[in-house]
Number of protein chains: 2
Amino acid sequence: MSQTRIDPRITRTRNLIMDAFVQLSMKKEFKDITIKDITDEATVNRATFYSHFTDKYQLLDAVLTEDLMTKIFNDINLHDELSEESIIKIFLSITTFQSDLSTQCKRSYDAFMSSIEAKLKAQLEELFCKHLIKNQPQEDPETLRIASVMLSWGIYGASVDWQHNSKLTAEQYIQKALPPILNGMKLIK
Amino acid sequence: MSQTRIDPRITRTRNLIMDAFVQLSMKKEFKDITIKDITDEATVNRATFYSHFTDKYQLLDAVLTEDLMTKIFNDINLHDELSEESIIKIFLSITTFQSDLSTQCKRSYDAFMSSIEAKLKAQLEELFCKHLIKNQPQEDPETLRIASVMLSWGIYGASVDWQHNSKLTAEQYIQKALPPILNGMKLIK
DNA sequence: CATCATTAGTTGTTTAAGCAACATATTCGC
DNA sequence: GCGAATATGTTGCTTAAACAACTAATGATG
């Protein structure tokens, strides 16, 4: 993975800062969290913060991609097959991720939902694309990429719809949503 | 407390090393734990270990005094009065400490029990002495110190006796042991 | 017993983090 | 609005930790 060995001090303080930020996010709103708050919580010098992140927005960015979103995809990347089961897993991961976010963090994070959405979809797209290319190497790559785009938007859209409009449980919802997804993937096959 | 501000890096890596050692103690015997095991677990460079401790014996020493024993005395030092209640608390703390040690650590720690015993008694003595001097400043200090020695040995001896010879619970045992202790302190008053 | 391997310490050099001081920039109370 | 306090970046210097390379010691294996 990482070709050039990373100094353990770097990952350590980076994690300290990110963990401190996650902790503070549970207590305060994003706008009320200062750099000093973060570095105090992390027991790291304030100047050191700036050798890792330019500002707290970039930190939020890193936390979202590295810390929270990897939790979603860690389970899934292991499975080589994009089975019905893994689709279900992905959907449930997204919904729990979203509810985690709303309980763990304070209000002001609504402002970042669009950024989070974009990141999530990008990750989903990459995941789908990787699997499609692996299973259908003869197919035109651009075709597969476009299919991945639609699948990622579709499944994410479903999670948003579930959150806002549905009375079903997430498990029930995904059962109803499965056919179009699987058919969509079949079309490509 | 600490007059000269301590570099946070020092306490951080020191804690990393000590925590790693405690973790390993639950899995391995002391004799089987290498410096490399410790530093790997702590994600600290092996050379760094030696700028904190000369060897693993000194580390064990530090862990026992700073890490484990402070847990015992933290609750108690808050109370200014050496009441019946706090005596009971001390006794129960000692017994739970001893059983924690035997469950958390592997066999080979028997070899260090004498050292642990000495440390515990020294701490107890200091605790008693501090309280006696505070409450009876007119009394000869050496008299109070000797009383502290006897109290610490007595109460520790009781815990050893409880462990080996008694069928009572620790709570029942200390109830029976209380009169001599309290009388001993009264003699001084 | 010799050999190979692992561990224990040590040392010199490089790098990341701590620290203090500084110049903006925001925010807050009046 | 204005001044004081607080937050934000930045910089030069110091120190702790990482790293690599080495010797010595302990230990296992044939």
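## Close-up views of a predicted protein–DNA model

View 1. Arg46(B) is placed at a base instead, an N or O atom of its side chain being 2.8 Å from a base nitrogen of DNA strand C. Two or more residues of the surface near DNA strand C come from each of helix 1 (8–27) and helix 3 (46–49) of chain A and helix 1 (8–27), helix 2 (35–42) and helix 3 (46–49) of chain B. Helices are DSSP runs of H or I with at least four residues, numbered from the N terminus. A polar contact is a pair of N or O atoms within 3.5 Å; within protein, one must be able to donate a hydrogen and the other to accept it, and residues adjacent in sequence count only if both atoms are side-chain atoms. Local features need pLDDT of at least 70 and side-chain atom pairs count only at pLDDT 80 or more, whereas totals for chains, interfaces and linings use all residues. Side-chain values use heavy atoms, with hydrogens and water left out, residues are numbered from 1 along each chain as its sequence is written, and chains are lettered from A and ligands numbered from 1 in the order in which they are written.

**View 2. The protein surface around DNA strand C.** There are 20 residues around DNA strand C, of which Arg9(A), Thr13(A), Thr48(A), Arg12(B) and Arg46(B) come nearest; a residue is near a strand if one of its heavy atoms lies within 4 Å of it. The residues of this surface near DNA strand C comprise seven nonpolar, six polar and seven charged. Sugar or phosphate accounts for 67% of the atoms of DNA strand C within 4 Å of the protein, and bases for the rest.

**View 3. The protein surface around DNA strand D.** DNA strand D is surrounded by 20 residues, the closest being Arg12(A), Arg46(A), Arg9(B), Thr13(B) and Thr48(B). A phosphate oxygen of DNA strand D lies 2.9 Å from a polar side-chain atom of Arg12(A), and a phosphate oxygen of DNA strand D lies 2.7 Å from a polar side-chain atom of Thr48(B). For Arg9(B) it is a backbone N or O atom that lies 2.7 Å from a phosphate oxygen of DNA strand D. At least two residues of the surface near DNA strand D are supplied by each of helix 1, helix 2 and helix 3 of chain A and helix 1 and helix 3 of chain B. Of the atoms of DNA strand D within 4 Å of the protein, 65% belong to sugar or phosphate, and the rest to bases.

View 4. Thr43(A) is found in the loop between helix 2 (35–42) and helix 3 of chain A, and its phi is near 50°, a positive value in a residue other than glycine. Most residues other than glycine have a negative phi. Thr43(A) counts as partly exposed because its relative accessibility is 47%, where buried means under 20% relative accessible area, exposed over 50% and partly exposed in between (1.4 Å probe, protein chains only). In chain B, Thr43(B) is likewise placed in the loop between helix 2 and helix 3, with a phi near 45°.

View 5. Ile38(A), in helix 2 of chain A, counts as buried because its relative accessibility is 0%. Leaving aside neighbours within four places in sequence, Ile38(A) is in contact (heavy atoms within 4.5 Å) with Ile17(A), Ala20(A), Phe21(A), Leu24(A), Ile33(A), Phe49(A) and Leu59(A). One of these, Leu24(A), is 14 residues from Ile38(A) in sequence and 7.4 Å away in space, C-alpha to C-alpha.

**View 6. Helix 6 in the two chains.** Helix 6 (residues 113–135) of chain A has 23 residues and reaches 33 Å from its first C-alpha to its last, close to the 33 Å expected at 1.5 Å a residue. The buried residues of helix 6 of chain A include Ile116(A), Lys119(A), Leu124(A) and Phe128(A). In helix 6 (residues 113–135) of chain B lies Lys119(B), which is buried with a relative accessible area of 17% and touches Asp61(B), Leu64(B), Thr65(B) and Met69(B), not counting residues up to four places away in sequence.

Note on methods:
Nonpolar A, V, L, I, M, F, W, Y, C, P; charged D, E, K, R; others polar. Expected span 1.5 Å × (residues − 1).
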